[in-house]
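Morning, everyone. Please look at the screen, and I'll talk you through the overall build.

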Amino acid sequence: MTTTRRATLVFYSAMDDFGAWQTALAAAAPQIEVRLAEDIEDPALVRYALVWKPPTGFFARYPSMQLVINLGAGVDSLLGRTDLPALPIARLSDPAMAQMMAGYVLMAVLRHAREIVFFQRAQRASRWSYRHPKSADQTRVGVLGLGELGGVAALELARQGFDVRGWARTPKTLEGVACVHGLDTLDAFLAESQILVVMLPLTPETTGLLDRKRLQQLPRGVCFVNVSRGTVVDEAALIELLQSGHIAEATLDVFAHEPLVADNPLWAMDQVLITPHLASVGLPATAAPQIAENIRRVESGETVLHRVDPARGY
Ligand code: NAP
Ligand code: GLV
């Protein structure tokens with residue numbers, strides 16, 4: 001371990017590759033030392049944290065911290081902590097992350113729209129089952145949440161020719177996407193969605209937003225995609241509606257409790273695709289420059305970009 005007097009960024013993530021982030025940040029912000037907590041000799045030099053779900057008490061060791069950067073888009077786990085210092089929080093805002101998410105959402109929507117579950121069942125039975133495909137414009141896809149990731153995914157679906165509708169908190173204009181906003185419009189929005197894609201942040205307003213009553217507003221035979229957070233949805237109601245066939249199929253990347261326990265009934269449903277919370281991740285090469293820009297801004301007393309509003313929850 002070498003002694004350093006340079007301003008330091010402490011990194012924590014159990015999911016991400018520290019070496020890749022260290023390399024990318026060394027190129028983007030060479031004036032900053034990037035270290036794991038255990039390799040920091042002088043905690044007073046730590047001015048920045050780039051973290052995904054650090055352990056409780058993590059921040060207390062760094063009295064000179066100026067900026068917390070969430071290593072991801074969703075800040076619910078950070079804002080939900082009781083030990084978060086009263087500092088600016090920035091999220092990752094990475095075009096490559098948005099592109100990766102749009103790719104996942106497109107995969108999920110195409111899988112449902114092109115009836116792949118039906119063909120997989122037929123294949124397992126060695127049955128040649130022709131079903132004439134519908135064109136994309138015959139499928140109404142509703143996207144809940146039109147933010148940095150949701151907006152890009154909605155545009156990608158529109159580019160593919162789907163009949164895309166989007167729902168957000170405030171008015172939005174997205175080419176090829178019919179946008180509505182506000183809670184008053186939600187029930188009607190749900191009722192017209194043949195495929196629903198959930199891309200909302202988890203906040204006090206969105207926790208349990210898709211409760212049993214709202215899920216029942218979806219038309220029978222709907223396909224359901226959740227890449228947001230598990231607790232935006234009443235998971236027990238979702239399971240029951242999948243069992244009853246009201247919800248025909250689902251693609252689920254997020255769950256109320258992760259990892260999903262082995263006896264969760266979702267595992268056994270062949271109409272459900274389960275992925276372990278990886279629809280999109282922050283990518284060092286493309287995210288490092290915006291982290292470097294925020295560090296530059298802190299150093300020169302400017303306002304940081306991509307700042308999270310703790311009161312709003314995202
Ligand atoms: P974002 O930029 O913060 O945008 C959030 C969107 O949701 C905005 O359009 C916002 O509306 C809308 N919204 C928030 N609260 C609402 C409410 N109460 N009613 C209606 N609309 C509401 O978020 P993002 O970057 O698109 O990411 C969305 C979420 O995806 C993240 O928070 C995270 O939970 C999840 N995520 C998952 C993965 C994964 O791998 N599964 C990866 C990354 C992110 P306004 O624009 O009107 O404010
Ligand atoms: C992942 O879930 C993220 O919010 O970045």
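**Overall build**

Of this chain's 314 residues, 49% count as buried. Buried means under 20% relative accessible area, exposed over 50%, partly exposed in between, with a 1.4 Å probe and protein chains only. Now two ground rules. This is a predicted model: local features need pLDDT of at least 70, side-chain atom pairs count only at pLDDT 80 or more, and totals for chains, interfaces and linings use all residues. Residues are numbered from 1 along each chain as its sequence is written, chains are lettered from A and ligands numbered from 1 in written order, and side-chain values use heavy atoms, leaving out hydrogens and water.

What about secondary structure? The protein chain has 9 helices and 12 strands. Those are DSSP runs, numbered from the N terminus: helices are H or I, at least four residues, and strands are E, at least two. The radius of gyration is 21 Å, close to the 20 Å of the globule rule for 314 residues, so the chain is as compact as a globular protein of that length. That radius is taken over C-alpha atoms, and the rule is 2.2 Å times the number of residues to the power 0.38. The C-alpha atoms fill a box of roughly 70 × 40 × 35 Å along the principal axes.

Next, domains. Domain 1 covers 8-94 + 282-300, and domain 2 covers 95-274. These bounds come from an automatic or database domain assignment. The two centres, over C-alpha atoms, are 32 Å apart. How many residues of domain 1 are in contact with domain 2? There are 11, and they meet 9 residues of domain 2. Contact means heavy atoms within 4.5 Å.
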